[in-house]
Amino acid sequence: MSDLLIDLPGFAADFSGAASLLSPMGGLVVIHGPSGCMGNYTGFDEPGWFRHPGMVFSSLMRENEAILGLDDYIISKTIRACEKHNPPFVALIGSPVPALIGTDYEGIAAEIEDRTGIPTVGINTTGFDSYSKGMEKTLAVLGNRFLSDAIEKIPNLVNILGYNNLDYCGDDDLFCLRKILESNGFKINCITGRSGIEVFAQIPRAEFNIVTSASALGFAKKLKKLYNTPFTTQLPIGTTEIKETFSSSEKQSDSEQCVKNGKKFLIIGDQIIAGSLRSYLEEEYCSRGDVFTFFEFDRTLGRPEDRRLLDEAEMYSLFEKESYDVIIADPLFKRFVNGSESYIELPHPAVSSRLYWNSYVGIFSHQIKELFEQVFR
């Protein structure tokens with residue numbers, strides 16, 4: 001059975017991914033469903049909630065609303081919240097129960113916008129997809145609604161697409177990435193999931209896009225198609241020079257210059273983050289690596305050996321067939337290996353939730369380089 005998890009907890013759901021991206025943007029976010037969905041997001045999926053809680057509310061769906069399909073109550077509740085908070089925009093996010101009864105989010109959003117005058121969007125998340133799919137849907141909806149018409153591009157202006165708390169756990173990595181970009185003469189335009197909606201609308205004026213997670217890859221491709229904005233999926237890990245990164249192919253590094261007797265390693269995580277780490281490790285230590293993920297996966301971005309895992313059974317099967325010298329992954333995946341490999345714990349908030357928030361290691365940090373040095377040298 002695809003997506004069946006027995007030894008692992010459920011991964012962060014699509015509504016959590018949508019809420020995590022929208023909350024820092026300053027809008028009013030309504031998770032439509034019973035209160036448990038809101039509690040799952042705020043209490044377990046969102047590392048930033050306790051530091052910077054946003055305007056995220058639950059519709060507190062009850063049995064009567066679910067059985068009768070009543071929409072008036074969520075409309076009236078959202079309108080009252082708008083009157084109190086006066087948000088720049090409103091976003092309705094779906095969860096499992098509304099998905100099962102076929103809730104019309106676009107229709108509800110149109111009614112709220114008509115009665116409040118505040119831009120409102122509906123995002124058809126279901127709770128049955130992963131957080132990355134929820135972010136992908138959210139970026140698509142926001143792009144369709146808020147992006148400005150084609151405008152003149154500003155030289156050396158760059159957007160950071162896809163940065164989020166469920167892959168990066170806080171802003172330390174963002175601070176390092178901004179520092180690298182600015183030291184190379186770039187100016188930051190929009191950071192999706194951090195900048196407000198007014199700045200988001202100005203995304204087309206940037207000259208480059210840097211994609212920091214697989215959830216934003218589809219959005220980056222759309223921006224290239226609509227505005228001819230080039231993008232890179234190669235993160236500047238272990239370097240402060242990124243001019244070549246922006247002038248290179250959108251596909252991640254596929255170096256064949258690795259020493260054949262170097263250590264063979266596997267990275268499990270977001271495809272873009274894992275792929276960038278692989279490029280760094282192969283160049284730095286003459287090793288050879290594979291990338292696996294349970295989340296968004298683009299075949300054109302990786303190598304033939306890379307793959308999206310469907311369930312735990314596939315992971316068990318792969319470890320029975322393949323052997324690696326080093327595995328780099330969330331601590332919860334350690335139970336799947338036989339113990340003979342070196343294991344570098346790289347917590348992934350969307351996988352292990354709050355269990356390892358305090359052990360998160362930034363991909364641009366000196367700490368992660370020290371971990372690699374201990375194993376690969």
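Let me begin with a term that I will need throughout: a residue is called buried when its relative accessible area is under 20%, exposed when that area is over 50%, and partly exposed in between, using a 1.4 Å probe and the protein chains only. What you see above is a predicted model, in which local features need pLDDT of at least 70 and side-chain atom pairs count only at pLDDT 80 or more, while totals for chains, interfaces and linings use all residues. Residues are numbered from 1 along each chain as its sequence is written, and side-chain values use heavy atoms, with hydrogens and water left out.

I will start with the salt bridges. Side chains of opposite charge can pair when their charged atoms come close. The term here means a side-chain nitrogen of Lys or Arg within 4 Å of a carboxyl oxygen of Asp or Glu, and a search of the whole structure finds eleven of them.

Is the pair of Glu 282 and Arg 303 buried or exposed? Glu 282 counts as buried because its relative accessibility is 4%, and Arg 303 is buried as well, with a relative accessible area of 3%. Their side chains meet in a salt bridge at 2.8 Å, N to O. This pair links distant parts of the chain, since Glu 282 sits in helix 13 (residues 271-285) and Arg 303 in the loop between strand 10 (288-293) and strand 11 (307-308), 21 residues apart. When I say helix or strand, I mean DSSP runs numbered from the N terminus, of type H or I with at least four residues for helices, and of type E with at least two for strands.

A second pair is Glu 322 and Lys 264, whose side chains form a salt bridge at 3.3 Å, N to O. Here too distant parts of the chain are linked, with Glu 322 in the loop between helix 14 (312-321) and strand 12 (326-329) and Lys 264 in strand 9 (residues 264-268), 58 residues apart. Glu 322 is partly exposed because its relative accessible area is 35%, and Lys 264, at 30%, counts as partly exposed too.

Let me turn to the largest pocket, which has a volume of about 600 Å³. Of the 29 residues that line this pocket, the closest to its centre are Phe 11, Ala 12, Phe 128, Asp 129 and Ser 130. A pocket is an open set of points on a 1 Å grid over the protein atoms alone, where a 1.4 Å probe fits and there is protein on both sides within 12 Å along at least five of seven lines, and lining residues have an atom within 4 Å of a point. The volume is the space filled by probe spheres set on the points, which are joined across faces, edges and corners. Which element gives the most to the lining? Helix 15 does, with four residues.

Finally, consider Gly 193, which lies in the loop between strand 6 (187-191) and helix 10 (197-200). At 1% relative accessibility, Gly 193 counts as buried.
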